[in-house]
Amino acid sequence: MISEKLQEAINKQIAAEIWSANLYLSMAFYFDKEGFAGFSHWMKKQSQEEMEHAYTMADYVIKRGGTAKVYQIDAVPQEWESPLNAFEHVYAHECKVSQLINDLVDLASSERDKATQDFLWGFVREQVEEEATASGIVDRIKKMGATAIFNLDQQYGARQ
Ligand code: MG
């Protein structure tokens with residue numbers, strides 16, 4: 001059985017994952033409005049992945065005899081200055097998420113809950129990919145400049 005403290009912390013993380021899903025959906029809408037259909041598609045996929053994280057965490061809490069909850073989700077930003085600015089935001093946000101997951105691992109460790117630590121390591125590893133992907137896109141946009149961004153947009157439109 002999962003401890004109250006850890007259950008509460010994972011439920012907060014579920015809210016953070018849903019907030020992330022909303023952030024990326026908001027970016028998808030922004031990109032659509034700006035004429036970047038590919039980036040919009042990419043962001044919708046990203047948003048779906050974040051919701052999957054929330055479902056996975058909820059399943060885990062329930063499996064461990066806890067109660068999964070949907071806490072209040074704060075409003076997300078709606079405007080960005082440019083595609084570069086939006087992807088810089090993705091990178092900064094993913095770094096923040098990595099920190100939240102690290103803090104959860106520390107809490108699971110202090111609660112001496114080995115199963116939850118093991119469960120969380122999957123997310124720790126995934127954050128390495130999330131950060132690298134976002135910073136890679138930021139680098140590419142910086143190198144390409146404004147005109148070539150549309151090529152990149154088409155490329156990201158093919159994300160599965
Ligand atoms: Mg996530």
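The model is predicted, so local features need pLDDT of at least 70 and side-chain atom pairs count only at pLDDT 80 or more, while totals for chains, interfaces and linings use all residues. Residues are numbered from 1 along each chain as its sequence is written, and side-chain values use heavy atoms, with hydrogens and water left out. Helices here are DSSP runs (H or I, at least four residues), numbered from the N terminus.

**Salt bridges**

- A salt bridge is a side-chain nitrogen of Lys or Arg within 4 Å of a carboxyl oxygen of Asp or Glu; the count by this rule is 6.
- One of them joins Lys 44 and Asp 32, whose closest N and O atoms are 3.7 Å apart.
- Lys 44 sits in helix 2 (residues 37–63) and Asp 32 in helix 1 (residues 4–34), so this pair ties together parts that are 12 residues apart in sequence.
- Asp 113 and Arg 64 meet through their side chains at 3.2 Å, N to O.
- That pair links distant parts of the chain, 49 residues apart: Asp 113 belongs to the loop between helix 3 (83–110) and helix 4 (114–144), and Arg 64 to the loop between helix 2 and helix 3.
- Lys 142 and Glu 88 form another salt bridge, with 3.9 Å between the closest N and O atoms.
- Here, too, distant parts of the chain are linked, with Lys 142 in helix 4 and Glu 88 in helix 3, 54 residues apart.

**Accessibility of the partners**

- Relative accessible area sets the classes: buried is under 20%, exposed is over 50%, and partly exposed is in between (1.4 Å probe, protein chains only).
- Lys 44 is partly exposed at 33%, and Asp 32 is partly exposed at 41%.
- Asp 113 counts as buried at 10%, and Arg 64 is buried at 19%.
- Lys 142 is exposed at 51%, whereas Glu 88 is partly exposed at 32%.

**Helix 1 against helix 2**

- The two axes (lines fitted to C-alpha atoms over the stretch in contact, with angles from 0 to 180 degrees between N-to-C directions) come within 8 Å and cross at roughly 165 degrees.
- Helix 1 is therefore roughly antiparallel to helix 2, a label for angles over 145 degrees.
- The crossing of helix 1 past helix 2 is left-handed, meaning that the near helix is turned anticlockwise from the far one by less than a right angle.
- By class, their contact has 18 nonpolar, 7 polar and 4 charged residues; Ala, Val, Leu, Ile, Met, Phe, Trp, Tyr, Cys and Pro count as nonpolar, Asp, Glu, Lys and Arg as charged, and the others, Gly among them, as polar.

Notes: Helices (H or I, at least four residues) and strands (E, at least two) are DSSP runs, numbered from the N terminus. Angles under 35 degrees count as roughly parallel, over 145 as roughly antiparallel, 65 to 115 as roughly perpendicular and the rest as oblique.
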